[in-house]
Structures are given as C-alpha cells and as structure tokens.
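Thanks for coming. Please look at the model on the screen while I talk through a few parts of it.

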Amino acid sequence: MSLKRTPLFTSHQQAGARIVDFGGWEMPVQYTGIVAEHKCVREAVGIFDISHMGEVRIAGAAAKTFLNHLLTNDIEKLFPGQGQYTIMCNETGGAVDDLYAYRIDAMEYLLVINASRIDEDMAWMEKQLKAFPQADQVKLENLSDQMGAVAIQGPNSAALLDQLFQGPSIAETHPDRPSELEKNELGKFLLSTDEVIVSRTGYTGEDGFEVVAANDVIVPFWEKALALGVAHGLQPIGLGARDTLRTEMCYPLYGHELDESTSPIEAGIGFFVALDKECFNGKEAMAQQKAEGPTKKLIAFKMTGKSAPPRPHYPIYAGGEKIGETTSGTLSPSLNNGVGLGFVPPEFAKADTEIEIEIRNRRFPAVTVRKPIYKKPS
Amino acid sequence: MSSKVPEDLRFAESHEWLRIEDGIGTVGISDHAQQELTDIVFVELPEVGRQLAAGEACAVVESVKTASDIYSPASGEITAVNPDLDADPANVNTDAYGAGWFFKLKLSDESEAEKLKSPADYKAQIEG
C-alpha cells in the first residue's frame with residue numbers, strides 16, 4: 001500500500017526534512033533536530049504540517065443534538081466561532097477518538113480528528129447517524145481529502161499570524177486580527193482571496209493557532225509564513241518535536257493514552273466529559289467509573305536518576321512488582337530529564353509516588369508528578 | 001551532508017570505527033552515524049573486563065527518538081570505557097572520532113581489522 005502525502009511534501013523535502021512513515025503518511029519527523037525544534041517552539045515560534053489530520057463537516061437543524069449524543073463534552077456551550085476539546089466514546093466509555101469540535105455558525109460544525117482514525121471515525125459516525133431519529137436533518141461530510149491544516153505555535157505566534165492575515169475576520173466572531181481571538185475561538189480570515197479558518201488552539205502548551213484551509217491554499221500559506229516568520233525566529237517543526245512538546249504537557253496521544261478500551265475518565269481528562277448531559281455514548285459506563293473510581297489511572301512521571309530515556313511500552317514497577325506499563329516517554333528537551341506517562345492501579349496514582357521504569361531489563365528510579373510535567377516559567 | 005572519514009581508521013558496515021595502537025583498539029561511531037542520529041542524549045556502555053566477539057552487540061546509543069545498538073568491530077577484552085559520555089553524551093555528536101570514543105579493547109586478533117572497511121570503502125558505502 002503506498003503512503004499518502006500532504007500538499008507540503010515537496011516543501012519538506014526542499015527543507016531537508018527526514019521523512020518517515022507515520023500511520024500511512026510520509027511526514028517530516030525532524031528538520032534540523034528534535035531538541036532544537038522543540039526549544040524553538042518554546043522560545044520563539046514553530047510551524048507544523050498537520051494536513052494529515054481529518055476534517056469533518058456536520059451541518060443541519062439536528063447537527064447539535066447529534067453531536068451532543070456523539071461526543072462527551074457539552075456542545076451546547078459553543079457559540080458560533082468557538083471550539084472545544086472533546087472525546088467520541090463507544091458504549092463502554094472507551095475512546096473512538098479525541099478531537100476538537102468547532103461551531104462554525106448556527107447549524108454548522110467542523111470536527112478536526114486524528115489522522116490515524118479518519119476511517120474509523122467516519123465509519124462510527126455513519127453508523128451512529130443511521131440509528132439517529134433525526135438523521136434527515138443532519139448532513140455528515142468527510143472533507144479530509146480536500147482540506148489541509150498547519151499549526152503555528154510559540155510565544156511569537158500571535159505577532160506572526162497578525163502579519164499573515166490583514167483581518168478582520170469574516171466569521172461570526174469578527175475580531176480584527178488573529179491575536180484578538182480568545183483561546184478556543186475561531187475566525188475566518190482571507191489569505192488574498194482565499195478563505196482560511198484560524199483557531200486559537202494547539203497541542204504544545206504554548207500560545208498558538210491552527211489554520212485549516214483547502215489543499216491548494218496550504219502551500220502558499222506555508223511559504224508566506226516561512227518568509228514572514230524569519231523575523232520572528234520561525235522554524236519548521238517535525239513530528240518528533242510535536243511528540244516531545246505534547247508529552248511534556250501530558251496531552252494524550254490517541255493509540256497511547258486513549259484507545260477503544262480506555263476511557264477519558266481513566267486517562268484523567270474527565271473534565272471534558274459532561275456527565276450531567278442528558279444522554280450520550282458511554283455516559284452510563286463513565287458515570288459508573290467516576291462514582292466507583294476507575295481501575296486504572298494515568299500518571300505522569302520523571303526519572304530521578306541517570307538512565308536511558310523512558311519510552312512507550314516499558315514496564316512500570318513499584319515495590320519490586322510490575323504494576324503497569326508506560327504509554328509515552330522521551331527525553332524532555334525543556335527539562336533535560338526523562339519523562340513519560342503510563343497507566344497504574346489507582347493506589348499508585350498519587351503524585352510523589354516512587355516507582356521504577358524497566359529499560360532493557362534494568363530498572364531505574366522515577367517518581368510520579370502532577371500534570372503538566374512542564375510548567376512555563378512565569 | 002558530507003561527513004568526515006579519517007584515513008587512519010577501519011569501519012564496520014554498521015558505522016562503528018576502530019583505531020589500533022599497540023594492540024589496543026579504540027571504538028566509536030562515525031561522523032555519518034552521529035549525523036543520522038542527531039542529538040544523542042544517552043550512551044549505555046559495556047563493563048570493563050567484558051569479553052567481546054566481533055559483531056557482538058555491546059552498547060546502546062540513544063537519541064530523543066530512537067535507541068540504536070552498537071556492535072563491536074573486533075574481538076577482545078574491554079580495558080576502558082569513556083568516563084565523559086555519562087555527563088556529555090553530546091560529545092559523540094561534536095567529536096565522533098575524538099572525545100566521543102566509546103571503549104577500548106585489548107584485541108585478541110589484530111587481523112580481524114582486515115575484514116573491516118577501509119576509509120575509501122566506507123566513504124563509498126555512505127555516499128552510494
């Protein structure tokens with residue numbers, strides 16, 4: 001099976017990127033090096049190709065009701081021009097995907113979903129729609145093949161976005177410029193004559209924006225951003241640094257901290273599950289988990305002695321017994337220390353619990369820490 | 001990007017280098033290899049006194065993204081390991097043939113070096 005490419009593939013090659021297979025896509029894992037790229041995002045600004053991600057449009061008079069059944073967060077909270085992080089769960093509370101849901105206008109929503117789950121999400125949503133009483137008032141469209149996306153993240157991102165888009169927004173929120181978007185707000189701006197969606201969100205823990213546009217707008221946007229970005233210290237950033245940035249923030253990565261047999265409650269993101277909503281997929285299972293306490297809990301940890309970096313699927317030990325497994329792990333470029341995430345029984349999930357991580361048959365000391373592992377210096 | 005290939009060394013196909021002086025072999029990884037790995041964050045070295053066979057996996061080099069096995073280019077007993085790599089694994093990136101050395105071996109059979117690649121052959125391998 002041949003690998004897929006985003007519109008920016010040639011741009012990545014020209015920039016000297018190291019290209020790898022990421023879930024069926026040829027994507028840049030790094031350009032100059034993961035540590036330098038990571039620090040660039042934390043200290044200046046970085047630009048990421050996220051065009052492999054999926055975009056789904058859901059519109060119609062019953063779109064809101066359908067989405068509130070489908071997703072854990074309360075979509076009623078969204079005004080046009082607002083988005084929220086949310087999870088799509090199955091009947092046992094396991095995650096089908098984690099995603100962002102944006103309200104574009106009164107009866108139109110845009111979902112931004114994981115690249116690795118586009119087919120699964122569409123199959124799931126189509127199945128749910130078939131069983132939905134007001135299905136004739138909901139239109140479900142997979143726009144993933146027609147749209148691309150780019151993330152710009154870092155302290156200098158707002159200044160750069162304002163230079164890229166000479167506002168004002170043409171969507172409901174009408175800010176004059178991207179820097180006036182609140183967190184989780186979105187606006188539609190014009191790149192010359194092309195409409196582009198700009199949302200103030202990201203996956204790095206820094207201030208940042210995600211830009212969604214038709215495929216043929218992505219390359220001109222990327223090139224304009226690189227040109228104007230020089231003055232702001234902009235560098236292109238690969239998936240390697242994307243992973244170290246989100247791991248430091250303890251953001252889940254689907255397939256690691258979330259999967260079809262792991263619920264948002266177990267993954268510690270119950271904040272995004274509105275259990276007081278009338279009914280939605282997985283509500284009963286998750287309400288029970290919340291009431292009784294989940295049987296596994298996601299911890300964040302730091303290595304406390306000299307060791308090789310922790311990585312996913314390494315055993316976690318406490319008191320000489322294996323208690324769980326890591327789901328993510330890396331050398332944190334910001335802290336210059338090994339850090340990671342993993343699932344353990346609830347009695348080991350408190351912060352400051354001493355554990356060991358087994359790396360190539362040797363155990364090294366670590367300690368559980370509060371999330372996020374990386375806190376911005378104030 | 002072109003990389004340095006010193007003339008006084010022998011090279012394994014798996015990118016380790018060997019320098020022989022008075023029956024002692026010094027081992028490290030090539031400039032090409034450190035460029036491929038980029039930021040090296042950890043090096044796991046073998047114990048002094050261990051007997052190695054040529055081709056045996058004996059060390060691990062870790063970058064942020066990957067862990068790679070290092071194979072001894074020759075047979076012998078380990079007489080020394082680089083004490084500075086613990087604190088400064090980045091020496092492998094900045095000075096792969098000098099400060100970034102991994103370990104030294106008392107060679108059991110110097111003729112093994114003939115099975116390794118000459119600098120010209122290694123250059124051809126990495127540029128080919």
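I start with a definition: a residue is buried if 20 or more other C-beta atoms, placed from the backbone, lie within 10 Å of its own, exposed if 12 or fewer do, and partly exposed in between. This is a predicted model, in which local features need pLDDT of at least 70, side-chain atom pairs count only at pLDDT 80 or more, and totals for chains, interfaces and linings use all residues. Residues are numbered from 1 along each chain as its sequence is written, and chains are lettered from A and ligands numbered from 1 in the order in which they are written.

Now helix α7 of chain A, residues 239-248. Helices here are DSSP runs of H or I with at least four residues, strands are runs of E with at least two, and both are numbered from the N terminus. Which residues of α7(A) are buried? They are Gly240(A), Ala241(A), Arg242(A), Asp243(A), Thr244(A), Leu245(A), Thr247(A) and Glu248(A). That is eight of the ten, so α7(A) is largely enclosed by the rest of the structure. Its buried residues pack against β2 (25-30), α2 (34-43), β3 (45-49), β16 (321-332) and β17 (337-344) of chain A. After α7(A) comes Cys250(A), with a positive phi near 65 degrees.

Take Leu245(A) from that helix. Leu245(A) has 30 other C-beta atoms within 10 Å. Two residues are in contact if their C-beta atoms, placed from the backbone, lie within 7 Å. Beyond its neighbours within four places in sequence, Leu245(A) is in contact with His38(A), Val41(A), Thr204(A) and Gly205(A).

Next, a helix pair. In chain A, α5 (residues 157-164) and α6 (residues 215-229) pack at about 120 degrees, with axes 10 Å apart. The axes are lines fitted to C-alpha atoms over the stretch in contact, and angles run from 0 to 180 degrees between N-to-C directions. That angle makes α5(A) oblique to α6(A); under 35 degrees counts as roughly parallel, over 145 as roughly antiparallel, 65 to 115 as roughly perpendicular, and the rest as oblique. On the α5(A) side, the contact is made by Leu160(A), Gln163(A) and Leu164(A). On the α6(A) side, Lys224(A), Ala225(A), Leu228(A) and Gly229(A) take part.

Last, the two chains. How many residues of chain B are in contact with chain A? Eleven, and they meet twelve residues of chain A. On chain B, β4 (40-44) and β6 (57-63) each supply at least two residues of that side. The largest share, three residues, comes from β4(B).
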